[in-house]
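Take a look at the model below.

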Amino acid sequence: MATRWGICSAGKISHDFTVALKTLPPEHHQVVAVAARKLEDAQEFATKHSISRAYGSYEELARDPDIDVVYIGVIHPYHLSTCLLFTNAKKNVLCEKPLAMNSKEVKEILASAKRNDVFLMEAVWTRFFPASVEIRRLLDQGELGEVKMVRSEFGVPLSHVPRAVEKELGGGTILGVGIYCLQFTCMVYNGEKPESIQAKGVCLDSGVDETVVVTLKFSRNRMAVFTCSSGVKLPNDAIIAGTKGDIRIPDNMWCPISLEVNGKETQYPLPEPYLPLNFLNSTGMRYEAEEVRQCLLKGLKESAVVSHADSLLLAELEDEIRRQVGVVYSQDSK
C-alpha cells in the first residue's frame, strides 16, 4: 500500500519535494493533498502536480484522515507551530531543516512527537543520498583508518533572497546553509558532541550572519573546520582525511552525486524531474522520502540516520555558533 503524503506549504521546496516523490513508484508513494495559507495557491499547486485535494489552511490538512505523513516546507520561524499542529493531530511528520529556530524549540517538537506517538524526522536530505550512504559504509569499515580532519564549505550568494537575510523570516547562514556542513561533520564523527567550538563571523545590518568560519575539536585530537556564506560562492566541496586515506565530495557537498575515494571517482546520477526544479539536484529528496516510508512500515518513530538525538545536537551546536557570532532571534528570548 502506498504511503499517502500531505504537502504543507505550496512554495518552491514543496514543489521540488513533490517532483522528487514522482520519481518513486506510485504504488509506494502518493501525494493526496496540499495545503497553503491561501486556497488559490494550494489549488494552483494541486493542478500542477495532479493532486486531488487542496486546502486553504494547514488545519484542514491536519484533519484529513487519509494522510499517513505530512511534509512541512514552511519557512524556518513557522516550523515549531506547524510541527506541533500536525503532531498534536497525530500525524507523522517530515519537517524541512532546520527543525526549529533553536534547541528549546527542537525539544518542544520532539516532546510533542513522543507524547503523540508519531514519527518525526528533520529533512536532512543529504544523509540519504547514495554517496552519503557509501561514505558511512566506508567509515564503518575503517577504510580511512582513523579520521583526523573533516573540512567542508558551502557558500552561495543569497543577498537577494529575503528569507536568507531577514531576521524575522529566520534568515542567517548557519540555519540556512551552514547546517549542511555541520550535519556532515556530525555524521562523520557519528553524532559525537565536540569538545570545543570556535566560531567567527560577519553579520549583516539585519542582524543575521552572512559568513561564518567554525572550528570544532573532538576527542582524540580529531578536528573539523567549515566555512559557510550567503555572500559569496565557495568551492562547496568536502574532504574527510584519515590515517589510511581520504574521501572527497568534489562539489555541491549538500546534494552529492559524485565521490572521490583515494582519488578514484564514482558517479551517483539522479533521476530526471518531470517538471523544472527550483533547487539543484532536488530529485535527491526521493531518498529521504523512501526512508520515511521504510520507517513507517517498520512502526518506527524516528530514523537511525537522522535521529531525534541528531536533530537536538545540530540545534545545540547551531545555538552555540550563533551565540559566538552574535546572532539572536526573537525566539531565543521566549
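## Ground rules

This is a predicted model, where local features need pLDDT of at least 70, side-chain atom pairs count only at pLDDT 80 or more, and totals for chains, interfaces and linings use all residues. Residues are numbered from 1 along each chain as its sequence is written, and side-chain values use heavy atoms, leaving out hydrogens and water.

## The annotated span

UniProt, in an unreviewed entry, lists residues 4-121 as "domain: Gfo/Idh/MocA-like oxidoreductase N-terminal". Such annotations may be inferred rather than shown by experiment. The span is 42% helix and 22% strand. Its end C-alpha atoms lie 16 Å apart. Helices (H or I, at least four residues) and strands (E, at least two) are DSSP runs, numbered from the N terminus.

## Helices α5 and α10

Helix α5 covers residues 103-115, and helix α10 covers residues 308-325. They pack at about 165°, with axes 8 Å apart. Axes are lines fitted to C-alpha atoms over the stretch in contact, and angles run from 0 to 180 degrees between N-to-C directions. α5 and α10 are therefore roughly antiparallel (over 145 degrees).

Ser103, Val106, Lys107 and Leu110 in α5 meet residues of α10 including His308, Leu312 and Asp319. Contact means heavy atoms within 4.5 Å.

## Helices α6 and α8

Helix α6 (residues 130-140) packs against helix α8 (residues 173-188) at about 30°, with axes 10 Å apart. The two are therefore roughly parallel (under 35 degrees). Ser132, Ile135, Arg136 and Leu139 in α6 meet Phe184, Met187 and Val188 in α8.

Notes. Parallel < 35°, antiparallel > 145°, perpendicular 65-115°, else oblique.
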